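This briefing is meant to be read beside the sequence and the 3D view. Please keep both open and find each residue as it is named.

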Amino acid sequence: MSTKTEPVCQIFTFRDCKTSPDPIYEIPAQCLHPSPVPLVIDNGSFHTRAGWACKGDELGSPRLLFRSVAARSRGAARSETQIGNDISSIEPLRWLLKSQFDRNVVVNFEIQELIFDHIFTHMGITSEAKVEHPVVVTEAPCNPLHCRQMMSELLFECYQVPHVSYGVDALYSFNSNNAQRGLDGPQTGIVLSSGYHCSHILPVINGRLDAGNAQRVNVGGSQAASYLLRLLQLKYPGHLAAVTLSRMEELLHEHSYTAVDYHKELERWRSPDFYEREVHRMQLPFSAKAAPGAPGGGAEERQERRAQQLRRLQENNARRREEKLQHDQERLDQLLAVQELLDDGLLEPFHKNLVELNMDSAEELQSYVTKLQLAVEQGRLRLLGGEGSELDPQMDEGDGVALMDPDLPPDNALTDKSASVQPQFNMAEYHQLFVGTERLRCPEIVFQPSLTGEDQMGVMETLHHVLARYTPSQQEALVSNVFLTGGNMLYPGMKERVERELLAMRPFQSHYKVTLAARPALDAWYGARDWALGGPPSGGGGPVEGWVSRQDYEEKGGHYLSEHRASNAFVSMRIAKPAASVPRPAEPAVATATGDTPTAAAAVAPGAPAVPAVPASIVEAEARMVTS
């Protein structure tokens, strides 16, 4: 006979990790000689990574890794600002947190300057008012020219860096993984990058970004965390304080997954056995002692409460007996004094006292004296005999009942535990968050942003829209190298989901290949490091592909970009200025009937210098304001 095994409950606890401040490193000697080594900064919207462009396991990895946030109270000094890992616990200071990003574009350069100060200080750069190392900085795809101009101004004017290079983080990761797979030369493919604030679809043709067909989807890890926060707060209104954004990010990173078939997976969750087996129970911290009145009070607590009330009732009864005995004794003494007047023959004072006592005769007085003597004698016997531990049967109705808690069960229900079995309240289970379908619903917003109310296409629908802009042969080349990168692509099942979507999207028997980055969150930094190792700036100051020197910055402007295989495309924003010193030419003569037009020399007033004609194509090209 087979026995049915009970499903094993998966109970987890929140780690609530607290960070420690970053150490201050010293610059290694190999990073200074024979020439300063480039400093690689992956300026991500969630994490910032910084390290040296060196080979090896120790120096060839990011030395700094921290959250891209700063916290400073209003009115606090600049030195009191906490950056990244200096904030041990983010939740108490979340209302003070500021980031340099608006979505994935740097707009707050005051915070960016604080981030750079933190990086240069902890990397050991102690030179006064100058950074002697070239700097490689990642930027967003199709970064606005104004943002690049402000970044160049900050690096060249504030830190006096000798060279700067800008590149797209997703392209650095794409090129790094292609090199690891042994693919040499320029490659064609399409990059799906999903980060903290948004996702991008970047077509790459022969190793260069086709920016005209790149697309952005405003859905990323932050939207998934906010969605999960709303779901659990609605599900557990009694634990609003415990459901924090930091814990939701932990749930996303460690307990969520992407469903290969979303609707089929939801149907599986309808099964009770599947639910009990796959639900993750997140244990919240709690105190084992239940609060009075909470639904966790057991039989022991009720017994204790009843015993306390019985003790208070016994004390009240004893006090009332003493007061009643004292009152009866005083009344008896008064009546005996009136009776002595009758015995002494003082009839007039006796009758006067009878009237005051509201009595008619001496017999009635004697009856009251007899009853009071009996009551006083019984009261003294009770006090002397120890009968005060029991309830007085002669008390008025309601004297002790009103003091008892009406919610308490009778004595026999407390003493006889076998008579009734009370259900035990599980305090630990009450403080558990059951995370079931939320594990797949939140990562799903990358493919279906409409789940959160966003009126835009998902990543795969946008990919189909991008592919439709190319010829069939170009489409085949692009889908043969679909590359997934970014921290929001770390969900288990993401690669399989993209493959299934491509199977439904592409024509019958067409070929495609999906590759997930080896380190989706770190390959951007490693790709930038490999690029810096392959083409460092020359010490002689000559132009090098991909590097912007200080001379280039001063001559061509802060928006200037030296292109390379992992960078954006540079489009000039120069505008032709009119020459103010040249006098206005005279009005041209009216054309003749034969169709002849006056020449430029005839239109200029006598004695005025001739103005050279500017081709319309040059004026039109230089007047374009393109923000890539």
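A residue is called buried when its relative accessible area is under 20%, exposed when that area is over 50%, and partly exposed in between. By that rule Gln 160, at 28% relative accessibility, counts as partly exposed. The model discussed here is predicted, and its secondary structure comes to 20 helices and 20 strands. Of the 628 residues in the protein, 41% are buried. Among contacts with a separation of 6 or more, 71% are accounted for by residues 24 or more positions apart.

**The nonpolar cores**

- The largest nonpolar core has 60 residues, and those with the most contacts inside it are Phe 116, Ile 119, Phe 120 and Leu 155.
- Helix 1 gives the most to this core, contributing seven residues.
- Apart from this core lies another one, of 53 residues, which includes Leu 228, Leu 232, Val 466 and Leu 478.
- As a general background, nonpolar side chains in soluble globular proteins tend to be buried together.
- If residues up to four places away in sequence are not counted, Ile 119 touches Leu 39, Ile 41, Thr 48, Ala 50, Leu 64 and Phe 66.

**Helix 1 and His 122**

- Helix 1 covers residues 109-122, and His 122 has its place in this helix.
- Is His 122 buried or exposed? With a relative accessible area of 10%, His 122 is buried, because the cut-off for that word is under 20%.
- Leaving aside neighbours within four places in sequence, His 122 is in contact with Asp 22, Pro 23, Ile 24, Tyr 25 and Leu 64.
- A polar atom of the His 122 side chain lies 3.3 Å from the backbone oxygen of Asp 22.

- Six strands form an open sheet in the order 4-3-2-10-11-20, and their pairing is mixed.
- Strand 4 (64-67) and strand 20 (548-549) stand at the edges with a single partner strand each, so one side of each is left without a neighbour in the sheet.
- Strand 2 (residues 39-43) and strand 3 (residues 47-52) run antiparallel and are joined by five bridges.
- Ile 41 stands opposite Ala 50, which is in strand 3, and both of these residues are among those touched by Ile 119.
- In general, strands of a sheet pair through backbone hydrogen bonds, and they do so either parallel or antiparallel.

**Helix 16 and its two faces**

- Helix 16 consists of twelve residues (residues 494-505), which at 1.5 Å a residue should span 16 Å, and this agrees with its end C-alpha atoms, which are 16 Å apart.
- Which residues of helix 16 are buried? They are Met 494, Arg 497, Val 498, Leu 502 and Met 505.
- Seen down the axis of helix 16, these buried residues fall within an arc of 135 degrees, so they line one face of the helix.
- The face of helix 16 turned away from the buried side carries the exposed residues Leu 503 and Ala 504.
- The buried residues of helix 16 are covered by elements that include helix 6 (262-269), helix 14 (459-467), strand 18 (482-485) and strand 19 (514-516).

**Loop residues and backbone details**

- The peptide bond from His 33 to Pro 34 is cis, with omega near 5 degrees, and Pro 34 has its place in the loop between strand 1 (10-13) and strand 2.
- Cys 142 lies in the loop between strand 10 (135-139) and helix 2 (145-158), and its phi is near 55 degrees, a positive value in a residue other than glycine.
- At 23% relative accessibility, Cys 142 counts as partly exposed.
- Gln 160 lies in the loop between helix 2 and strand 11 (163-168), and the phi of Gln 160 is near 55 degrees, again a positive value in a residue other than glycine.
- Ile 90 is found in the loop between strand 6 (82-83) and strand 7 (97-98), and with a relative accessible area of 13% Ile 90 is buried.
- Ile 90 and Arg 67 are 23 residues apart along the chain, and their C-alpha atoms are separated by 10.0 Å.

Technical notes. Residues numbered from 1 in each chain as written. Predicted model: local features only at pLDDT ≥ 70, side-chain atom pairs only at ≥ 80, totals over all residues. Heavy atoms only, no water. Helix = DSSP H or I, 4+ residues; strand = E, 2+ residues; numbered from the N terminus. Expected span 1.5 Å × (residues − 1). Buried < 20%, exposed > 50% of the residue type's maximum accessible area, 1.4 Å probe, protein only. Arc of directions from axis to C-beta. Contact = heavy atoms within 4.5 Å. Polar contact = N/O pair within 3.5 Å; in protein donor to acceptor, adjacent residues only side chain to side chain. Core = buried A, V, L, I, M, F, W, Y, C linked by side-chain atoms within 4.5 Å. Pairing = 2+ DSSP bridges.
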